[in-house]
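The following note sets out points for a colleague to check against the coordinates.

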Amino acid sequence: MQDNLITILLNALAEQISIENAGYLALRELCHRGNVPIELLLLAHSLAQWVSCATIDELDGSFLERARELAPDNLRVLYAVLEKQPNIEGDRNQRAFEHKIIDRILKLYPADPIATEARAILANSHESLPLDFINRLPNPLEDVDFTQLIEALR
C-alpha cells in the first residue's frame with residue numbers, strides 16, 4: 001500500500017504536478033480501497049472542488065455518494081449532503097430534498113440545534129433553505145483527527 005502511494009506521489013512530482021494535486025491523487029488512491037474511513041471520503045469530496053485533477057464524477061460528488069452509502073446515518077455525512085446542493089434557483093424538488101435530509105437528522109439526533117433551526121426556516125417559508133444558512137452549516141471535517149485516521153490505515 002505505501003509503495004503504491006509513494007509511487008503516485010513521486011510520479012506526480014516528476015511530472016511537476018502541484019503538491020495539492022499530488023496529495024489529492026494519493027487521497028484518491030486511498031479512497032478507492034476497501035475500508036476507507038468516512039472522514040477521508042468527505043475530505044476527498046471537499047478537496048475535489050479545489051484541485052485541477054479531479055474527475056467529473058468526483059466534482060459531481062462521487063466520494064460523498066460513497067460516504068452516504070457506507071454511513072447513511074452519520075451526522076457529518078448528512079450535513080455534507082445538505083451542503084452539496086444549495087438551492088439557488090428556487091427548485092421545489094430542492095425543498096423536498098432538504099426536508100428529507102432535515103427529517104432524517106432530527107429522527108437520528110432529535111436535539112440537533114442546526115436541524116431544528118432548518119426545520120423552523122422551512123416551516124416559515126415556501127422557499128428552500130437560504131444560501132446564508134447553508135454557508136453556516138458545520139464543517140463536516142471539524143474536529144477530525146487525521147493523524148489517527150492515517151495511523152488506522154497503516
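1. Arg 136 counts as exposed, because its relative accessibility is 51% and the cut-off for exposed is over 50%. Please bear in mind that this is a predicted model.

2. Arg 136 forms a salt bridge with Glu 117, with 3.7 Å between the closest N and O atoms. Glu 117 belongs to helix 8, while Arg 136 sits in the loop between helix 9 and helix 10 (146–153), so the pair ties together parts 19 residues apart in sequence. Glu 117 is partly exposed, at a relative accessible area of 35%.

3. Helix 8 also takes part in a second pair: Arg 119 in helix 8 and Asp 103 in helix 7 link distant parts of the chain, 16 residues apart. Asp 103 counts as partly exposed at 35% relative accessibility, and Arg 119 counts as partly exposed at 40%.

4. A salt bridge (2.8 Å, N to O) also joins the side chains of Glu 58 and Arg 28. Glu 58 lies in helix 4 (residues 56–59) and Arg 28 in helix 2, so this pair ties together parts that are 30 residues apart in sequence. Both Glu 58 and Arg 28 are buried. The whole structure contains four salt bridges.

5. The largest nonpolar core has 38 residues, of which Cys 31 and Leu 42 touch the most other members. Elements giving two or more residues to this core include helix 2 (19–31), helix 3 (38–48) and helix 5 (62–70). Leaving aside residues up to four places away in sequence, Cys 31 touches Val 36, Leu 40, Leu 41, Ala 44, Phe 63 and Arg 66.

Technical notes
Residues are numbered from 1 along each chain as its sequence is written. This is a predicted model: local features need pLDDT of at least 70, side-chain atom pairs count only at pLDDT 80 or more; totals for chains, interfaces and linings use all residues. Side-chain values use heavy atoms; hydrogens and water are left out. A nonpolar core is a set of buried Ala, Val, Leu, Ile, Met, Phe, Trp, Tyr and Cys residues joined through side-chain atoms within 4.5 Å. Buried means under 20% relative accessible area, exposed over 50%, partly exposed in between (1.4 Å probe, protein chains only). Helices (H or I, at least four residues) and strands (E, at least two) are DSSP runs, numbered from the N terminus. Contact means heavy atoms within 4.5 Å.
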